[in-house]
Amino acid sequence: MEGVYRLNPFYWSRRAIRVFTAGFFLIMLPIYLYIGFQPNISTQALGYPELSIPSITLKTPVEPLQLTERQLIAPSTIAGAYSSNPNKTLIIGHAATVFQNLDQIATGNILTYDSQSYQIVDSQTLEKSDIDMEEILSPAETNTIIIMTCAGEPLPGQDATHRLIVTATAI
């Protein structure tokens with residue numbers, strides 16, 4: 001009968017309750033924080049194509065984007081894709097969320113987009129003023145993915161002085 005009292009918290013000493021509570025929170029708090037800080041991906045995003053870059057542990061749905069007043073607006077926590085010409089897709093996203101590790105990518109790395117494999121052939125950081133969007137969006141002979149995100153010094157309104165541009169071709 002004595003063993004039953006050890007399992008019943010109503011018979012525990014104050015010290016035993018404090019130790020149990022502290023242990024519980026030391027275990028549960030990191031789990032709660034990890035789950036709580038995961039990006040909230042909508043159920044609508046489940047039907048979107050997926051971008052996967054294993055070398056930087058990136059896996060994200062890619063929302064189709066439309067040009068609005070000559071601008072593309074990146075989704076807040078996932079990537080967005082725009083294509084106006086054959087064989088060329090521009091994928092954009094925020095460097096603070098979905099593309100936070102994109103600067104660690106290397107030439108030769110493999111990515112998968114919409115079940116097609118691509119190999120990184122170029123990665124460069126350019127000033128915003130040096131970017132030719134007509135060239136980026138121009139048609140290509142082979143399936144090509146251009147991934148673009150902010151880089152450089154932060155500017156107001158989730159912008160930056162430079163862009164990181166990664167080019168990948170189908171393999």
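In which strand is the place of Thr-144?

Modeller: Thr-144 sits in strand β7; helices (H or I, at least four residues) and strands (E, at least two) are DSSP runs, numbered from the N terminus. A word on the ground rules: this is a predicted model, where local features need pLDDT of at least 70 and side-chain atom pairs count only at pLDDT 80 or more, while totals for chains, interfaces and linings use all residues. Residues are numbered from 1 along each chain as its sequence is written, and side-chain values use heavy atoms, with hydrogens and water left out.

pLDDT is the predictor's confidence in each residue, from 0 to 100. The chain averages 89, and 92% of the residues score at least 70.

Thr-144 is buried, at 8% relative accessibility; buried means under 20% relative accessible area, exposed over 50%, and partly exposed in between (1.4 Å probe, protein chains only). Skip its neighbours within four places in sequence, and Thr-144 is in contact (heavy atoms within 4.5 Å) with Asn-87, Lys-88, Thr-89, Tyr-118, Thr-167, Ala-168 and Thr-169.

Now step back into the loop between α3 and β7 (144-155), where you'll find Pro-139. Pro-139 is exposed, with a relative accessible area of 53%. Again setting aside neighbours within four places, Pro-139 is in contact with Asn-85 and Pro-86. Leu-155 is 16 residues from Pro-139 in sequence, and their C-alpha atoms are 31 Å apart in space.

Next, the charges. Side chains of opposite charge can pair when their charged atoms come close. If you call it a salt bridge when a side-chain nitrogen of Lys or Arg is within 4 Å of a carboxyl oxygen of Asp or Glu, the count comes to 2. One joins Lys-128 to Asp-159, with the closest N and O atoms 2.6 Å apart. That pair ties together distant parts of the chain, 31 residues apart: Lys-128 is in the loop between β6 (116-127) and α3 (133-137), and Asp-159 is in strand β8 (residues 159-170). Asp-159 also bridges to Arg-163, this time at 2.7 Å between the closest N and O atoms. So Lys-128, Asp-159 and Arg-163 make up a salt-bridge network. Within it, Lys-128 is partly exposed at 35%, whereas Arg-163 is buried at 15%.

Last stop, the aromatics. Rings of Phe, Tyr and Trp (its six-membered ring) pair if their centres lie within 6.5 Å; planes under 30 degrees apart are stacked, over 60 edge-to-face, and the rest tilted. The whole structure gives 3 aromatic pairs. Phe-20 and Phe-24 are stacked, 6.4 Å centre to centre with 20 degrees between the planes. Both lie in helix α2 (residues 14-36), 4 residues apart, about one turn of the helix. Phe-24 also pairs edge-to-face with Phe-25, at 5.5 Å centre to centre and 85 degrees between the planes. Phe-24 itself is partly exposed, at 42%. Through ring pairs, Trp-12, Phe-20, Phe-24 and Phe-25 are linked into a cluster.
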